[in-house]
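Open the model in your viewer and keep the selection tool ready. Each stop below says what to select and what is there.

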Amino acid sequence: MTTDTSTLFLTDADVRAAFDWAAASKALEQAYALPANEALYPPRTMARGDGVWLRTLSGVSGDGAVMGAKMIAASPRAGIASYLIPLFDQASAALIALLDGNSVTGFRTAATTALAADRLARPGAIHLAVIGSGFEAKNHVRALAALRPIAGVRVFSPNPDSRARFIADLADLGLPMAGMDSAQEAVEGADVVLCAARSRDETPTFHGALLRPGMTVLSIGSTLPEQIEVDAQTIARSDLIVADMVEEVAHDTGDMIAAMRAGEDFAPRLVALDAVIGGRHPGRSSPDQIVLYKSVGAALQDLTVAAMCVERARRLGLGTILPVTIAPVRKGK
């Protein structure tokens with residue numbers, strides 16, 4: 001990645017200053033086109049304590065550049081979490097960067113979703129419906145706008161003030177936007193639906209009855225067994241289901257678990273995002289297909305976006321060189 005042996009520390013502000021949507025999606029496209037397997041990107045681990053947990057996503061990039069991990073320490077009862085990403089050079093095992101991973105998490109999810117949507121949605125300008133109005137929803141609109149023309153955005157969330165704030169915060173994009181009073185109104189006329197909100201009582205926020213031929217649904221709000229975002233009918237009606245992490249989407253997300261319990265066999269229609277990006281699966285095969293993309297997040301995404309931010313930060317003079325070096329230790333004889 002670099003011949004510089006110093007360790008660069010990037011704060012959250014540094015990461016945000018170095019980040020670029022188009023560059024992130026391009027880096028992710030290149031990463032997903034490379035062969036990947038469980039040895040490179042093993043399943044995430046989660047250590048649980050009394051009301052706290054520590055999740056770790058680790059990986060070794062397929063291009064031979066970096067290896068690293070994202071660690072998330074959370075206290076859900078207190079409503080707080082911390083994110084840390086160490087990056088090591090594969091050739092030297094040197095610690096080349098430490099990043100505050102807070103913004104990386106949101107950036108990588110949205111940039112990957114935009115890449116998936118660009119491959120899976122029908123050609124042309126997107127008529128976008130957004131279910132949810134928070135941080136993730138805004139990031140996803142920005143990411144999508146960096147890759148595709150957007151004809152208009154209709155947003156629904158239960159709070160009218162949140163809808164108004166969503167529109168105001170994205171005004172710089174210059175897109176036609178409107179807040180709607182229901183998910184049904186928001187979805188009317190849309191060809192891409194972004195689901196970026198979970199119901200507080202874990203009932204679905206999107207229902208398959210709203211699906212129309214040709215729609216692409218992007219579901220990013222259900223990443224744990226206790227979380228549900230789309231209902232079983234959405235999964236039943238989807239002609240193709242694309243997942244960033246197939247096994248975790250299939251077995252560790254509440255909506256897919258609920259669909260299995262309802263007797264839905266979605267396995268024959270479930271494919272990996274890397275197969276679509278790498279050309280091993282055609283993705284959408286007809287304009288009328290209903291396509292569902294489900295994301296739980298992956299170490300590949302974290303490491304790819306983190307590495308991109310480090311490279312751009314070095315060019316832009318961002319970040320702080322740590323005053324100490326964590327030197328690799330030579331093992332063996």
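Start with strand 12, residues 240-243. Both of its faces are covered: L240 and V242 are buried on one side, I241 and A243 on the other. Buried means under 20% relative accessible area, exposed over 50%, and partly exposed in between, with a 1.4 Å probe and protein chains only. Helices (H or I, at least four residues) and strands (E, at least two) are DSSP runs, numbered from the N terminus.

Two notes before moving on. This is a predicted model, in which local features need pLDDT of at least 70 and side-chain atom pairs count only at pLDDT 80 or more, while totals for chains, interfaces and linings use all residues. Residues are numbered from 1 along each chain as its sequence is written, and side-chain values use heavy atoms, with hydrogens and water left out.

**Around strand 12**

Two strands pair if DSSP finds at least two bridges between them. Pick V242 and look across to Y293 in strand 14, which it stands opposite.

**Strand 10**

Select residues 192-195, which form strand 10. V192 and L194 point one way, V193 and C195 the other, and all are buried. In a regular strand the side chains alternate between the two faces of the sheet. Which strands pair with strand 10? Strand 7, residues 126-131, pairs with strand 10 in the parallel sense over 4 bridges. Strand 11, residues 216-219, is joined to strand 10 by 4 bridges and is parallel too. For landmarks, find V130 opposite L194, then V192 opposite T216.

Zoom in on strand 3, residues 53-60, and strand 4, residues 66-75. They are antiparallel, paired over 8 bridges. L54 has its bridge partner, A73, in strand 4.

**Helix 2**

Select residues 21-33 for helix 2. Its 13 residues reach 18 Å from first C-alpha to last, close to the 18 Å expected at 1.5 Å a residue. The expected span is 1.5 Å times one less than the number of residues. At the start of the helix, a side-chain oxygen of D20 comes to within 3.3 Å of the backbone nitrogen of A22.

Colour W21, A24, S25, A27, L28, A31 and Y32: these are buried. They cover an arc of only 160 degrees around the axis, which puts them on the same side of helix 2. The arc is that of the directions from the helix axis to the C-beta atoms. These buried residues pack against helix 3 (102-120), helix 4 (135-147), helix 10 (273-277) and helix 11.

**Helix 11**

Finish on helix 11, residues 299-316. Its 18 residues reach 25 Å, close to the 26 Å expected. Helix 11 is mostly covered, with 13 of its 18 residues buried. Pick T304 in this helix. T304 counts as buried because its relative accessibility is 15%. What does T304 contact, leaving aside its neighbours within four places in sequence? A27, L28 and A31, where contact means heavy atoms within 4.5 Å. Last, click G317, which follows helix 11 and has a positive phi near 75 degrees.

Note on methods. A polar contact is a pair of N or O atoms within 3.5 Å; within protein, one must be able to donate a hydrogen and the other to accept it, and residues adjacent in sequence count only if both atoms are side-chain atoms.
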